[in-house]
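Student: Could you take me through a close look at one part of this model, the place where two chains pack against each other, and then show me what lies around it?

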Amino acid sequence: MTVPAPYYLALSAVLFTAGTAGVLLRRSALIVFMSVELMLNAVNLSLITFARLHGSVDGQVLVFFVLVVAAAEVVVGLAIIVDVFRSRETVDVDDADALRG
Amino acid sequence: MNGVLLSVLIALPIAGAGAVAFISPRRPAAARAVGLAAAVIAFLVAAWIWAAFRPGRPGLQFEEHAAWVPAAGIGYHLGVDGLSVSLIALVALLVPVAMAAAADQVHDRTKGFVLTLLLLEAGLLGTFLAQDLVLFYVFWEAMLIPMYFLIALWGGPARRAAAIKFLLYTMTGSMLMLLAIVAVYLQGARVIGTPTFDLPALAARPLGWTPAVEALLFGGFAVAFGIKMPVWPLHTWLPDAYAEAPPVVTVLLAGLMAKAGAYGLLRFCLPLFPDAVRAWGPLFAVLAVVGILYGGAVAWAQGDLRRLLAYGSLSHMGFILLGIFALDIQSVQGSVLQMVNHGISTGALFVLAGILIGRTGQGRTDAYGGLAAATPALAAVTLIVVTSSLALPGTNGFVGEFLILLGAFQTHPVHAALATVGVVLAAAYLLAFVGRIFHGPLRPDLRGLPDLRPREYAVLAPLLALIFWVGWVPGPLLDRSEATVRALLKPRAVFVAGAPHASMTPPPAGVERKGGAPVKQAVTRP
Amino acid sequence: MSAVAVTAVLIPALPLAGWVVLGLWGGRWPGRAAGWVASATVAGSFVAAVALFESLAALPPDARTVQVDLYRWIAAGALAIPFRLLADPLSAAMARLVAGVGMLIHIYSIGYMARDAGGARYFAYMNLFMASMLLLVLAGNLAVMFIGWEGVGLCSYLLIAFWFERPAAARAGVKAFVVTRLGDVGFLLGIFAVFGTFGTLDFTAITREAAARLPLGGGLATAIALLLFLGAVGKSAQLPLYVWLPDAMDGPTPVSALIHAATMVTAGVFMIVRLHALYLRAPFALDVVAVTGAVTAVFAASAALVESDLKRVLAYSTISQLGYMFLAVGVAAWAAGIFHLMTHAFFKALLFLAAGAVMHALGGETDMRKMGGLARPLPKTAAAFGAGVLALAGIPPLAGFFSKEQILGEVFAAGHPWLWGIGLFTAGLTGFYITRAYVLTFAGPPARVHENVHEAPPVMWWPLAALVFLAVVMGVVLEHVVPLAPWLQPTLGAGALKSAGGAAAAAAEPGAVHAMLLVVSVAVAAGGIVLGWLVYARGAIRGQAPVLGTILAHRFYIEDLYDAAIVAPSRALAGWAAAVDRGVIDRAVLGVAGGLGWGGAALRRLQNGYLRQYAAFVLIGALIILAYWMLRP
């Protein structure tokens, strides 16, 4: 038996919401970062679902792009977080407000 | 060779800037020498173009046309006609003059200064040569950036504020012009069939605007050009910029950049929006007269050397504006000539102001007095330049202002009469300028001030020569612009894409003259 | 080129070359070399002018108008202005006069300026002036005339302000330039209107076509004539633009003699005569010219009555005599106007140079109250000045008598008894004030002991003597020996015939009337002299007229009126405009910038640097977009 598409989409929505909540509510930069990954993967899930639904590979191709971008982002993002931690000894995002207008 | 001459002309200063970039900042003399050499070579090329330009033809000469972004109809289209041929010669003359004058006046970061000046020259030349709206816009903005840095990095105490004011003012105008350019492009694509930014192609036929839309687009261009000139009341960046920029940069700001505005009105507004120009011309004629009188009056009340000259320049630009919008062959011819004249005489005035300020460090006129006793040659040269600025006959200024006023009087007698009063104001503020600085008892602290040095003579000599040459033999300049101006004033006759020499009407009789040399006539006895 | 063309070009070209040479190198020459070179160029001009005159005289009268085209000067559209000289009887006579008097004054200047360090500069300016003035006289069209017209104005400015370290002189120079430029506005507009009407600026074309293109007494003709006259009013120091001339006396005295008496100030008269055909189409404008001249004549003569500065007396006298000339041309007596222009050039130059000799002797003193009794140490100068006095007052048979009689006769014959009366009254005033000047300077007891009072050196004395001779005989010569009016006839046409000297006036009037006019006017002039002598030399009549004296001393308060009504408000207006520029226009621009800045400051509160708030904004934005797409109809 196959799981119907709405289930995947529902899971995707739940994951996305969880990620969004994590980004908005958590203060640790690492957690925020992981929440972003969660959101990206939620989107990936729905892309694959639609690809399967429409019988097209476009969505799957797009997922590869997202994965590549996410990998790059992890590299840069973690480097930034490490750097911030080195200089400030904290990864609390609310402390990093140097760009306040 | 002729096929790429204009590109060579634009490339020369850029190449010079590239060469200067490789010189060590610790060798300012070398940077100056290389920069000057590039500027002089560019001048020789421009002079050759000027000499080889054939008067009596309304269309473009030395034309270069290549595709740039074919999909969008953007072309690399250069060309020179009667409007621009003398102006590019002026650009190519004033830049080396300013650079040579800077040798005595700008001592810090020389390399960067020379480099920026050369980039500015390239931008100016491109602005006067571009025949494609996008290309023009690119050059128009490109000359803004070096000028911003010249003011902001080498200027006086309030240079930052002046530079930002100048930049924001001009950018505002540029934005409006960009919008108008896009609108012209879209409409042109609809009417002509192929999308193009090519000016001759767009101007070749009516684009079928409604009067309101045409007026709006004309306004977009006119505001951009009006800010650059400047036209009253868009002028308040001018006193700050002129007074804060180093004097040699003001030479270029007043002598060349202001001309870009007037040139733009003639080059773009008249062919693209002929009906709007005729409908709104009277408004601009009024603004011109206000600018003439207002600039003169305010100049009279200034206590600062450069602000006095700045407002005087505003007043003089009013004459050029009046000449353009009087839409009479004499007045427009006068305006085209006066653009060159104003560049020469205002340029020379600011060179002299730079010499004075360089000697004493004082910008206020009351810091001077009786200098004619200490520096007689400087006084004499200033007097000659002032007579040119006063438009006394025998100098270049007279021919231009006489033609402007004479032409304007035929179409707008009241405007012309009021503008003529501006001539008296010019006498008042310019002679006040001479009087405060050179006349009266010599101030003790100015005793022993050195007179003109040989290098300063060399800088001023070409300008003085031109003042008299144009004053007595304006024929070569007037001949070069006559056919173009005539075509410009005739609705829709001349700009045919791709066929620059094939004007629909033959040049009028009497225009075709050999080389523009003065015609010696036999003595006649009636 | 024919001899006429060559000489016509040489006349202005020689002093111009002198200016170039002196301006570039004159400063390094020793001693008086600059003065001699300058004088030589003007002498060359004079020779050329005489040659021009003679070669024209050799031609038949109706061939005496020769146009010399040098090159195409300004051309644009329908406008084509050649650089054209016009050699005709009028310009030849004027060129001869200007170059001749100029030569004498140049030579005189060599002595006068010998002790001044700026000699080369002085002579360079003087040569430039001569070139401009001769170009003005020889011009073949209005534009070329305007070169000369403005050139003499520039030189006037430069020479008045020659001693630039004196603030008064520098101010007087600027005043002269600006006030005459005020008149030039009218002149320029007149030129433009002439072009609009005739399509050319050429004098011969204007003369030829004036009748065809301008309806008699029409508004256009009147407007053109009055606009051009405004230029003449400024240049020739007539009411109300006379104010610069008295101040111009701050310049060196030979300058006053050459520019502000003999030549430049007469340019306005010359211009009107040159354009007489145009003025004949505008009778109302002619009336304005005549009335302006008459009023100026009597006004300036009365101002001279109370002036205590010797040169300023002569300046007011010049204004007054110029008024006579305008009176003459105002009644279309062109030849009489030119006649008086010439005699006046001789005797006024003489008076100024004699005054210069006095100043030379007294170390630059011009205040007559500090003079007196100078006839004893300076007999030759006193005699020369005396000859000038008699010539100016119009005592026969000196020069002034003939020309003034001709003007008064013409005015009377033209049917303007009131103007004639004013002219006659002015003649009396003239005799009075010039006698007063003579007496205060040369007669009576010395008011103050001046040391080392000496006669002028020969280089100054001989030009003075030549002018004495000219002032004495030229009236007779130009009236009877080589009559001026018939000579000018080819230029002036019927206008010259009308004023063919006393003979024509006598023909127009019954002999008895004419003789009576003559007797009356000589009697009035002599009466003025006698009265002046009695009052100032003998002290015979003592009277005080404090109110009148005060009014006269303030020149009817005209200059105060100028300051109050024009100069001060203009300055205030300029200051006000400068304030508006900073306070209103620039503030409006800065206000826009400030408003944008305030908006930016308000919006920047949103950028608080909290990452999570930014993310919330993203979420809200996404929701809004989503809502829009879902809810739109």
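**Where the chains meet**

Tutor: In this predicted model, chain A and chain B do not touch, and their nearest C-alpha atoms are 21 Å apart. Of the 2 pairs of chains that do touch, chains B and C have the most contacts between them.

Within that pair, look at helix α18 of chain B, residues 413-438, which packs with helix α6 of chain C, residues 167-198, at an angle of about 160°, the two axes being 9 Å apart. Because angles over 145 degrees count as roughly antiparallel, α18(B) is roughly antiparallel to α6(C). The crossing in which α18(B) passes α6(C) is right-handed. On the side of α18(B), the contact is made by residues including B:Ala416, B:Thr420, B:Val424, B:Leu431 and B:Gly435, while α6(C) contributes, among others, C:Ala170, C:Phe177, C:Arg181, C:Leu188 and C:Phe192. Sorted by type, the residues of this contact are 17 nonpolar, 2 polar and 1 charged.

Turning from this contact to the nonpolar cores, you will find that the largest has 456 residues, and that B:Ile88, C:Ala349, C:Leu350 and C:Ala471 are those with the most contacts inside it. Helix α15 of chain C, residues 334-362, supplies the largest share of this core, 21 residues. As for B:Ile88, if its neighbours within four places in sequence are left aside, its contacts are with B:Ala46, B:Ile49, B:Val80, B:Leu125, B:Phe128 and B:Leu129. There is also a second, separate core of 5 residues, and A:Val23, A:Val32, A:Phe33 and A:Val93 are among them.

Definitions and conventions. Residues are numbered from 1 along each chain as its sequence is written. Chains are lettered from A and ligands numbered from 1 in the order in which they are written. This is a predicted model: local features need pLDDT of at least 70, side-chain atom pairs count only at pLDDT 80 or more; totals for chains, interfaces and linings use all residues. Two residues are in contact if their C-beta atoms, placed from the backbone, lie within 7 Å. Axes are lines fitted to C-alpha atoms, for helices over the stretch in contact, and angles run from 0 to 180 degrees between N-to-C directions. Helices (H or I, at least four residues) and strands (E, at least two) are DSSP runs, numbered from the N terminus. Angles under 35 degrees count as roughly parallel, over 145 as roughly antiparallel, 65 to 115 as roughly perpendicular and the rest as oblique. A crossing is left-handed if the near helix is turned anticlockwise from the far one by less than a right angle, and right-handed if clockwise. Ala, Val, Leu, Ile, Met, Phe, Trp, Tyr, Cys and Pro count as nonpolar, Asp, Glu, Lys and Arg as charged, and the others, Gly among them, as polar. A nonpolar core is a set of buried Ala, Val, Leu, Ile, Met, Phe, Trp, Tyr and Cys residues joined through C-beta atoms within 7 Å. A residue is buried if 20 or more other C-beta atoms lie within 10 Å of its own, exposed if 12 or fewer, and partly exposed in between; C-beta atoms are placed from the backbone.
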